[in-house]
Each structure stands twice: as C-alpha cells, then as structure tokens.
Amino acid sequence: MQSTQIDPRESLQKAIQALKGKQPHIAEQICREFLVHTPSSMPHIQLLSHALIQTDRYDEAESQLEFAIKIVPDYANLYEDLGSLYMLQGRTDEGIRLLEQAVQMNPQLSSAHKKLGTALAQQGETEAADEAFEAYIDQDPQRKLVAQAMGHWRAGRNSDAISTLRQVLMADNNNVDAMRFLAIIYINDGNNLYDAEALLRRATEIAPDYVQALNDLGSLLNDSHKYDEAVSVWNRVIALTPDDKRAYSSIGSSLTRLGRLDEAVANYKKALQIDEASPQIHMVLAHQLKTLGRQEEALVSYRRSIELNPGLGESYWSMANLKIFKFEPNEVAAMEAQLEKEDISKDARFHLLFSLGKAYEDLKDYKKAWHYYDEGNKIRRETVSYDPTRNRVECETDKTFFNQAFIDQHKGSGHDAKDPIFIVGLPRTGSTLIEQILASHSQVEGTSELPNIGAIAQSTAKFRRDNLQYPQTLENAQGRDWRAYGRQYLKEVAHHRIEGTPIFIDKMPNNFFRIGFIKLILPNAKIINTRRYPLDSLLGAYKQLFARGQDFTYDRFELSEYYRDYVDLMNHWHSVFPGEILDVHYEDTVTDFETQVKRILEFCDLPFEENCLRFHETKRAVKTASSEQVRQPIYRGALGLFKKYDDEAMQEWKDDLEDIIEALPQSVKDAVQ
C-alpha cells in the first residue's frame, strides 16, 4: 500500500506557524512525521530542534543538530543554532566557538554576528564584540540607520535621533529595533509616553521573543501604574529566559504595588535563587517582609545586603526606620567608618547620617543625634527640588478657587459612594495609628497611600487647547463631570480593595491639598485630618528620610513655612465644609485613647468594635515608617520629644509658629508639658 506523500513546503509552513503560536509539541509532531519519509530534510531537523528547545529538552535538541551537521557539515545555520543552544545552557566558550564557525562559513549570516557580539560582550571581550556587532549592522542599511540614531541620542541630539528612526519606520514599518529605540527616547524624555507604549506593544506583537523590548514594556507599564499588565509581560520574559533575576524582581515590584505582598516575597526569593549575591534584591525583599510584620526575617535580609555591600546606606536606614529597632554597637561603628570614606556617594552619605541620628537618639545622646540628622538633611536638600513659593501659590489658588460660592454651587453633585475614608495631614502626625485603628474594624480595609486623587486632579488639564491647569480646569464642570471623576477614582483604586469590606482607607497625607476636589467628586467621603503638637510634628518630619516626596522636610525654615501653609489651608477647608472634616490630635489619642476611638468611629458612621482598641493585634500589611510602632500598644514616649533636642533650633520653630501653638486645644498643650 502506497503511503500518502506530504508536501514539504506545506509541512514546514505548518511547523513554523505552530512554533510562532507557542505550540512546540504540534511542531515536533509535524516534523517527525515528515522526517519518517525524508530523514535528511535539514529544515525539518532544524525546526524539530527549535521545538525541542522550546520544551526544555536540550539534550535531544543537541543530538538532532549534531546529527544534521554530520550530514551537511557546511550548513552555517546549523552551527548558529547549536551555538545558540550552548549559550542557552551557559556553555559560553563552546557557544562562541560555534558562532564564530558559523560567521566564517557564511559572513552574511547577520543573526549569527549579533549573537556572537552578545556572547563576546558577556565574556568581557569588548573589542571582539564590537567587531561582531559592526558586521551585523553593516549587512543591513536600515540597521545601520538605527545604529546612527542611537549615536545621535547618546550624544544628546534627540531630534536627529527621532528623525532618523522615523525615517527607518517609513521605509520598514515592521522594524522592531527602530520601534524599541524610539520608545526608549520618548521614555527618557518623559514625553509621548502613550506613543512609547504603543511602539513597544507593536514591537512585541511582531517579535514575541524580543526580550529587550518586553523588558522595556514591562518597566513602562509598571511606571504607568498598569501593574497587572506589567506582571503579564514579565511572565513572558521568564518564559523566554527562565533564569532572568530582573524579571522575577520586577514582578515582585509590580505585585507590591498591587498589594499582593506574599506573592511579591515569593518572586524576590526566586530572584535570589538565581543570584543570591544581589544586595539590592535582599534589600527590597526585606522591605516587603517588614511591611508584612515579619521583622526578624527582614533584619536578616537587610543585614545580608549590607554584608554584600557595606556601603548600602539605604539598608541601614531601612533598619533604623523600623523605629522600635536598635543598632548593635558594631553596626554604629561600621556606619561611622563608611562616612570616613572619601568616595562614598551622596545618596549613601545621607542614608547613613539619618541612620546614625536614630542610633544616637536610641542611646539618648540627643546632641549627637541632632548633629547627624541636621547634616543628613542638609545633604538631602541638595538632591531634591522644592519651591516653597510655588507651594504657597498653590495653597492660595486652592483657597481662591474653592470659595464658598463655588462649593455651594456644586456641593452634592458628585458620586454618592460612601466607601472612602481619607486620612490627610502632615507626615509623622499619627496617621498610621488612626489607619490601624480603623482597619481593625470589621467593615474597613486599610489600603495604602494612594496617588489617584492627585493624578485625577492633574489629568483634568490633559488634552486642553487653552492650557488651563488644575483647579481652573474645573471652572465649567457640571454634575455629570463631578460624578465621573468620583467614579473614575473608585474604579482606579478597586484593585487595592482585596478584603471585600464596604469601607476602605486612602492614607495619602498630601491629599489635604485636594479636599475641595474630594468633597465635590465624593461628597459622602469621610475626611480625617491628623495633627500633632507643632514642634513634635516638625521634629518628627525632620528626623524622617522619605523614600520619595515630602521634599519640604529637609530645610528647617521651609519645613515651618510649609506647616503654616498647611494650617492655613486646613482652616479654609473647615470654613467651607463645616463639620465635615475631623481633626484628630495625636496627643489626645494617646492620653484619652478610648474616647478618641469612639469619636473617630462615630464620625465615620461605624459601630463601636472592641478590635479597634486592640489595634496592635491586627495582622495586616503596613507600608509606612510607623509599620512596627502600630503593632505595639499605645505609648506616650514620643510626647514632647522636642524638649530633648537642640534648644536653639526648637526655639526658632516655636517663634515661627507661636500663634498656631497658642490656638491649640488646651489638652494638646498640657500633654507635652
């Protein structure tokens, strides 16, 4: 009986489509069926080896390629494939030898030149790698133009680079390298980010295995708060490069922002299985363990990161930032020794200075503690951009725009949801304590410091031809607009709400600027303003090194001026929203705890629950500097701490804020005496 003849072209096409569709088992079956009839078909043997590689059967793929080379010893593509397989297995020297053999046999084999350049670069053979890359580039005029564009970009000639890359894409709209590099330029400029995302999405559709473009897309999605999509992209990277520690670490970063901290920890640990000697990954793992309340494990990881990089000031500060942690004497000595080094970076220096401030505060050497805090703030101020005049103008603009007439005109027009409780105020005023109390209630979930309100407010200026900025962009807003903004906020933060409770907390302190906007888009939202005795408040902020934001805290005068602006703006909000904002003073909370808890719950329309009094027993992730303090019972040790510090500096603040101090409730003033 005569067997059915299989058309070779049709067979190859089907196998190629199966491989492109990530169906290697189907491709394998097609190739094996054809090879039964024609066992010497090189294209089918090649595709079979590719299918075997996709299913991690490296030994079988190697046998197929070695068999093919014996039959056709002058076919350069086979040497390229076998060299690539060796590189994938970490057999770099053997891989380089075979790739060199491939380009010698066929100098026009551009992909082999590119792989050889990459392999030589990994080995540190820079000159040889450059030669291989030049050979790769020279074989394609479009590739040469892409290389020229990147030369323009590195030299700071961005417009020339963009023009050249667009020229390439006009000639070949599927050139994925041009797409990727154009996206990189947009991202680095901070402009055209939507275009950058579109280019990277298109490039990774055309070339699904383009790992570099996938890495860029994952980072951009993460920075754009599209965390779920970023995780999906990083998983594609891992499918292509299973030993990519950066991909696992990046997944950890995205999962952290999604609040899925246990999963984030698991991915950071996978990254460390690949590279245990990475101090940075040990440190970010420790950050998540700290947030989860696993302090002992966090300290192990922080100390391991310092062991690997003794100058890693951020890890020292992260330990200091546990607040209830105290450094060992040898750790204090090690930090001081690091500060003696001339080549220490500015970043490491201010982290170490703040850490030593905390170390000496714990030793009750307040003079030395102040010295280190003060020096740390001076250096940190040099690294941030803060304009106190702009801040004052923003406060005055808010007061003028959100006047009583405007509020009365639009009040009640927004979305009627009662879900959010906003906790606002200055940092280090007890906001995390209030959050923990409320999050201990069965109907309330604590989420995080969510950036969405500020982002939505600023987004009202997008796509406007009149160049108006927030809040003037709201001048002609109607009821449907206020409702739409409220609905947008609830939709954007939904992924943070994982417990299914009817109420959640947004603890972004700087939302005090946006109270007018909040109350118009979400009129039923509760707003709690946390306050603390001004000198303790300013001292607490001055002692705190913030990961980002709060740039007003690193200069003593700017800090007290900001405090005045904050009080002035809050007084305005109280006047236009009477009775709708609850001020909670830290001093009242710690001296008359149960009364204040009941007062807070009553304001939030929540029934009293005993769990709120036992807030320190609540198991939940806490991401702020007070993460460990709120896992302890109430204590009064921080009341009036300013009295232990530099008299001259404290007197300056006292003089600056005399009228504000005088206007405080008597109970607050009594608590710090």
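1. Residues 24 or more positions apart account for 65% of the contacts in the protein with a separation of 6 or more; contact here means heavy atoms within 4.5 Å. The model is a predicted one, in which local features need pLDDT of at least 70 and side-chain atom pairs count only at pLDDT 80 or more, while totals for chains, interfaces and linings use all residues. Residues are numbered from 1 along each chain as its sequence is written, and side-chain values use heavy atoms, with hydrogens and water left out.

2. The overall make-up is as follows. The protein has 35 helices and 5 strands; helices (H or I, at least four residues) and strands (E, at least two) are DSSP runs, numbered from the N terminus. Its C-alpha trace spans about 100 × 60 × 50 Å along the principal axes. Of the 673 residues, 53% are buried. Buried means under 20% relative accessible area, exposed means over 50%, and partly exposed lies in between (1.4 Å probe, protein chains only).

3. The largest nonpolar core has 150 residues, and the members that touch the most others are Phe402, Tyr489, Phe512 and Phe517. A nonpolar core is a set of buried Ala, Val, Leu, Ile, Met, Phe, Trp, Tyr and Cys residues joined through side-chain atoms within 4.5 Å. When residues up to four places away in sequence are not counted, Phe512 touches Val424, Gly425, Leu426, Tyr562, Tyr566, Leu569, Met570 and Trp573. Another core, of 30 residues, lies apart from the largest one and includes Leu19, Leu35, Ala102 and Ala112.

4. The next point concerns Ser49 and its surroundings. Ser49 is found in helix α3 (residues 42-54), and Ser49 counts as buried because its relative accessibility is 0%. Leaving aside neighbours within four places in sequence, Ser49 is in contact with Ala61, Gln64 and Leu65. Ser49 and Asp81 are 32 residues apart in sequence, and their C-alpha atoms are 8.6 Å apart in space.

5. Helix α4 (residues 58-71) packs against helix α5 (residues 76-88) at an angle of about 155 degrees, with the axes 10 Å apart. Axes are lines fitted to C-alpha atoms, for helices over the stretch in contact, and angles run from 0 to 180 degrees between N-to-C directions. The two helices α4 and α5 are therefore roughly antiparallel to each other. Angles over 145 degrees count as roughly antiparallel, those under 35 as roughly parallel, those from 65 to 115 as roughly perpendicular, and the rest as oblique.

6. The crossing of α4 and α5 is left-handed; a crossing is left-handed if the near helix is turned anticlockwise from the far one by less than a right angle, and right-handed if clockwise. Tyr58, Ala61, Glu62, Leu65, Glu66, Ala68 and Ile69 in α4 meet Leu78, Tyr79, Asp81, Leu82, Leu85, Tyr86 and Leu88 in α5. By class, this contact has 11 nonpolar, no polar and 3 charged residues. Ala, Val, Leu, Ile, Met, Phe, Trp, Tyr, Cys and Pro count as nonpolar, Asp, Glu, Lys and Arg as charged, and the others, Gly among them, as polar.

7. A further helix pair is α11 (residues 176-189) and α12 (residues 193-206), whose axes come within 8 Å and cross at roughly 155 degrees. Helices α11 and α12 are therefore roughly antiparallel to each other, and their crossing is left-handed. Among the residues that meet are Val176, Met179 and Leu182 in α11, and Leu193, Leu199 and Ile206 in α12. The contact of α11 with α12 has 12 nonpolar, no polar and 3 charged residues.

8. Helix α13 (residues 211-223) and α15 pack at an angle of about 15 degrees, with their axes 11 Å apart. That angle makes α13 roughly parallel to α15, and the crossing of the two is left-handed. Asn215, Ser219 and Asn222 in α13 meet Arg246, Ser253, Ser254 and Arg257 in α15. This contact has no nonpolar, 5 polar and 2 charged residues.

9. Arg246 lies in helix α15 (residues 245-257). With a relative accessible area of 39%, Arg246 is partly exposed. Apart from neighbours within four places in sequence, Arg246 is in contact with Asn215, Ser219 and Trp234. The C-alpha atoms of Arg246 and Gln338, which are 92 residues apart along the chain, are separated by 28 Å.

10. Is Ser278 buried or exposed? Ser278 counts as buried, because its relative accessibility is 8%. Its place is in the loop between α16 (261-274) and α17 (279-291). Ser278 touches Lys245, Leu272 and Leu308, not counting residues up to four places away in sequence.
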